[in-house]
Amino acid sequence: MKARLPTGGRIDRDQPLQFRFNGQALTGFAGDTLASALLANGIHLVNRSVKLHRPRGIIGRGPEEPNALLQLGEGATALADQRATQVVLRDGMQARSINGYPSLKFDLMAIFDRAAKLLPAGFYYKTFMGPTGWWEQYEKIIRPASGMGRVPDGPDPDRYEKRDLHCPVVVVGGGPAGVMATLVLARAGVPVTLAHEQSQFGGGWLASRSSIDGAPAQDWLEAAIVELSQLEHVTLLPATTVFGHYDQHFLGAVERVSEIRPNAPLRERFWKIRCQHLILAAGAIERSIAFANNDRPGVMTASAVHEYIERYAVLPGRQAVVFTNNDAAYATAHSLHRAGAQVEIVDSRAQSGEQAQLARQAGMAVHINTQVSNTQGRLRVRSVELRHADQRCERLPCDLLAVSGGWNPSVHLHSHARGSLQWDDALASFIPQQDLAGVESIGAMAGVFDPNAALAGACEAAQRAATALGYATDATRAPVINPAEPGPTGLQALWRVAGRGPAFVDMQNDVKASDIELALREGYRSIEHVKRYSVLGFGTDQGKLGNILGLGIVSELVGMTPAQVGTTTYRPAWTPVTFGALVGTETGALFDPIRYTPMHDWHVARGAVFEDVGQWKRARYYPRAGEDMDAAVARECLATRDGVGVLDYSTLGKIDIQGPDAVTLLERVMVNNWQKLGIGRCRYGLMLDENGMVLDDGVTARLGDQHYLMSTSTGGAARVMAWLEQWLQTEWPDLDVRLTSATDQYATISLAGPLSRALMTDLGTDIDLSASAFPFMSLQTGTVAGVAARVQRVSFTGELGFEITVSADYGAHLWEQIFLRESAYAITPYGTEAMHVMRAEKGFIIVGQDTDGSISPLDLGMAGMVSARKDCLGKRSLMRSELQRDDRPQWVGLKPKAADAVIAEGAQIIATATPQGETPMHGWVTSSYFAPRLGYSFALGFVNAGRTRHGETLYAWDLDAGVIELEVTDPIQYDIEGARQNVE
Amino acid sequence: MLLITCPWCGPRDESEFSYGGEADIVRPPEPEAIDDAAWADYVFMRTNTRGLHREQWVHAHGCRRWFKAERDTVTYDIRATWPMNEEAP
Ligand SMILES: [Zn+2]
């Protein structure tokens with residue numbers, strides 16, 4: 001650790017930590033970040049830039065870091081683009097650079113840097129715009145070259161959780177101002193939560209020599225934390241990043257649990273925090289200045305250099321130049337000087353101030369009215385070029401350049417919730433307008449850099465919050481600080497220094513001052529457009545270093561003040577958030593509930609292949625040895641049509657409707673008539689939305705005088721229930737009717753086929769199954785195989801059929817009773833696929849497959865179902881001229897001329913066998929199968945004016961199959977008269 | 001994510017609710033007596049208010065009851081919520 005100072009810092013020299021960087025074994029100490037440990041080992045060069053592959057070093061000290069984005073770990077736990085400045089060093093840590101092939105020091109892609117003049121902003125847009133399809137080819141080459149990190153190669157094995165927190169006051173930021181405010185609130189008895197991004201509270205004081213009553217100021221702060229941690233009404237959340245501030249004082253935060261407790265069973269915890277009063281103390285971030293080659297390794301922000309020396313006992317360079325336009329960087333100069341570095345200060349301001357005088361007294365050279373105009377060095381800065389006021393240039397050798405262009409308050413959390421910003425001339429940056437109700441910004445975030453003023457302001461803000469919540473505040477006063485470091489006082493804005501060479505504004509995206517110039521030359525004026533064109537601020541750092549600098553450069557170029565140019569809106573997230581934390585435990589089996597029917601285990605034992613229908617697992621088909629899906633489905637269809645097939649229909653949505661006005665409700669929501677439906681009868685119904693489009697369909701049975709059972713499609717049950725409830729509660733509260741979801745309470749087994757009646761008899765039932773006693777579309781109650789059952793004689797296959805509904809607890813039992821007779825009746829279990837094929841042979845629709853929210857009953861040829869006697873939802877819409885047009889798409893059968901050609905579902909219908917260029921669309925295919933009983937393939941779909949075009953030859957077209965010639969037919973192909981389902 | 005006060009269950013997370021659009025849209029009592037434009041106005045046209053907006057919500061993952069709310073579409077502050085059959089407080 002050649003750059004580690006022998007004493008000082010907040011590191012534990014008794015706890016050495018071994019880690020690797022690009023394979024090299026290195027040592028750091030507990031208390032280090034990955035960045036400070038790398039610097040302690042003399043490593044500045046950590047990456048290559050994303051576009052130009054320029055050598056880049058650590059520049060910052062926290063979330064603003066644009067360069068030191070490293071890959072951590074391997075395999076499934078690999079982490080990409082981790083800011084080394086925020087990564088707490090761990091023993092055994094493995095870090096790698098993201099760019100740099102074959103090696104970081106010799107990067108073949110650095111050719112992009114030589115060609116930088118050929119790669120200005122917008123280069124990719126302009127060059128690779130066309131022709132169509134070419135971008136995909138370019139992308140294969142460009143994407144790897146502009147690599148960010150590598151994603152993990154497996155599912156994240158770490159655990160995460162989510163928690164809600166309601167707290168009257170939340171303070172964000174555990175620097176001096178945030179801790180002061182929390183202390184005042186806590187002592188007043190106000191329940192308060194303090195969230196801090198780092199695991200150690202203190203912020204800037206962790207690197208400060210300021211004192212209170214002769215003791216380090218940080219000692220006072222740590223005592224305050226001890227006091228707070230002992231109070232039950234105070235929640236301390238260290239290592240917790242508040243990444244977003246949303247409406248109604250709602251905050252999203254991620255606590256990095258494993259950062260504080262490495263062996264915790266949880267990696268991160270996602271907090272959803274609600275409060276009444278929010279105090280923001282997010283601090284400020286130092287910005288750079290745009291001068292030529294300002295991105296070389298060894299060029300850092302002055303505050304970062306200061307912090308590495310004072311907090312981590314790392315001296316990032318021995319021959320340092322400090323370049324500043326304000327007083328704050330003088331603290332860095334003194335730190336460097338004390339640590340034994342040779343220091344020269346370059347101050348761009350015209351006059352020599354008190355700080356310059358103090359620096360000279362300490363023995364440092366100060367160049368006033370001078371700018372750094374360029375730097376030299378390949379993998380590390382070796383010298384800087386100074387330009388004096390008289391344009392005289394000189395070169396200073398150095399291995400470190402500490403830059404301060406001023407400070408930007410971290411206004412993001414104020415801005416997220418649409419708080420306004422105002423330009424502060426003294427800072428040359430934006431501060432929050434305190435314009436959000438119940439939200440106050442304090443400390444450096446509010447532009448207050450004087451520590452005594454910041455603490456006083458924090459006390460006042462806390463007292464206001466306490467008073468607003470009805471708490472009396474005690475006499476807690478801010479301590480008197482003896483500040484050791486100057487703030488960014490006396491600033492004279494300096495955005496850009498003229499010079500030859502690329503002057504970087506946004507280092508993560510390689511945006512140069514010249515790119516901003518180009519954007520303006522190309523006519524962009526709005527800062528939002530300039531940003532998008534140049535991609536300024538569009539990296540994962542969201543321009544924490546570069547945005548205000550870019551704004552300053554634009555304002556200079558267009559001759560306006562930065563306030564006139566305007567700022568951009570900061571949006572969540574403040575720093576990138578782990579997906580796993582947002583997901584929490586809702587992954588794998590807990591991602592979404594899975595619903596199983598009572599007979600599920602039997603289907604599994606029979607080797608069923610399942611499909612997801614909504615949340616349900618439904619048996620799709622039951623393949624026998626050697627069968628593929630087509631063979632299994634054909635066998636199931638034919639066995640059902642020739643004998644008896646059995647379907648688990650338990651997933652069918654069931655809504656129990658009771659009350660004196662039950663029939664009125666049905667009349668209002670369905671197109672057809674319900675007044676005359678007798679008890680014990682059932683009827684197919686169609687439901688529309690108010691736009692006249694089909695919403696759902698199904699059979700509803702009348703169980704009693706005021707009692708109906710509505711069945712819905714499997715996927716539509718919840719939607720239909722909510723739809724009915726909405727109308728009852730919002731529009732028809734006068735109707736006396738109650739709805740209960742009964743889907744899960746019952747198991748339904750559908751028997752279909754000519755042998756179904758014989759099977760019913762054999763099962764043993766007290767129900768008279770004769771056609772006269774039990775006609776088609778009626779229901780009976782009784783027992784089946786000794787189980788209380790409701791049996792409906794309905795059919796979705798077109799065959800004689802019985803739907804047996806029993807209590808869900810008896811579903812498996814009844815199913816087993818049926819299959820005890822399997823060999824006697826050649827009973828065949830069939831799945832949803834065979835059901836779909838058989839209903840297609842009958843031309844029945846499946847809502848959601850054949851309809852898509854743009855299909856009316858008129859389009860389906862169901863106009864006759866719509867009752868003329870009464871109004872219902874959507875009926876008025878059917879009368880609109882647009883829906884009455886006779887050239888609308890209409891429900892038809894589509895029969896390929898080649899009997900074995902199965903059209904792809906979703907294929908377009910066209911009128912030519914040789915489509916070229918723009919070909920008019922005549923319709924589309926919604927369902928398509930090989931229909932075993934028919935002996936040919938068959939599809940259903942919509943064709944413009946299709947009902948008048950039966951017999952016409954058209955063509956189906958899709959990308960894979962090309963053109964298939966077909967004939968438009970009636971949608972019903974099988975047993976058109978319905979003799980089989982109405983069998984005596 | 002908003003915090004919404006269900007008139008029956010109290011303040012709950014927005015994720016428990018479903019939005020039901022603008023409130024006080026009355027279904028025409030005799031749809032066939034009005035012309036297409038008037039019907040379209042009922043089916044499709046909403047005010048898109050900037051500021052205080054009366055709207056319907058349902059506590060879908062709670063008591064399943066519908067209620068009305070007055071929400072500021074600029075600040076997202078919810079001024080009040082109340083049962084369907086009551087006057088705005
Ligand atoms: Zn409720």
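Predicted model: local features only at pLDDT ≥ 70, side-chain atom pairs only at ≥ 80, totals over all residues.

Biologist: OK, how many residues are in contact between chain B and chain A?

Modeller: On the chain B side 26 residues are in contact with 29 residues of chain A. The two bury about 2,300 Å² between them, with carbon and sulfur atoms giving 44% of that.

Biologist: Which three residues of chain B supply more of its buried area than any other three?

Modeller: That's M1(B), R27(B) and W66(B), which supply 27% of the area chain B buries against chain A.

Biologist: And how many salt bridges are there between chain B and chain A?

Modeller: Six. There are also 19 residue pairs in polar contact across that interface, counting pairs with both residues at pLDDT 80 or more. Helix α1 of chain B, residues 36–44, gives the most to chain B's side, with five residues. Overall, that side divides into 16 nonpolar, three polar and seven charged residues.

Biologist: Back to R27(B): what does it form a salt bridge with?

Modeller: R27(B) pairs with D871(A), and their closest N and O atoms are 2.9 Å apart. R27(B) counts as buried at 10% relative accessibility, while D871(A) is partly exposed at 26%.

Biologist: Where do the two sit?

Modeller: R27(B) is in the loop between β3 and α1 of chain B, and D871(A) is in the loop between α25 and α26 of chain A.

Biologist: Switching to α25 of chain A, then. Why is it described as largely enclosed?

Modeller: Because 10 of the 10 residues of helix α25(A), 832–841, are buried, the rest of the structure largely encloses it.

Biologist: What covers those buried residues?

Modeller: The cover includes strands β34, β35, β36, β49 and β50 plus helix α19, in chain A. After α25(A) comes G843(A), with a positive phi near 75 degrees.

Biologist: New topic: what does R56(A) form a salt bridge with?

Modeller: With D510(A), the closest N and O atoms being 2.8 Å apart. R56(A) lies in strand β4 and D510(A) in the loop between β32 and β33 of chain A, so the pair ties together parts 454 residues apart in sequence.

Biologist: Are those two buried or exposed?

Modeller: Buried: R56(A) has a relative accessible area of 1%, and D510(A) is also at 1%.

Notes:
Residues numbered from 1 in each chain as written. Chains lettered and ligands numbered in written order. Heavy atoms only, no water. Contact = heavy atoms within 4.5 Å. Buried area = accessible area lost by both parts, 1.4 Å probe. Salt bridge = Lys/Arg side-chain N within 4 Å of Asp/Glu carboxyl O. Polar contact = N/O pair within 3.5 Å; in protein donor to acceptor, adjacent residues only side chain to side chain. Helix = DSSP H or I, 4+ residues; strand = E, 2+ residues; numbered from the N terminus. Nonpolar A, V, L, I, M, F, W, Y, C, P; charged D, E, K, R; others polar. Buried < 20%, exposed > 50% of the residue type's maximum accessible area, 1.4 Å probe, protein only.
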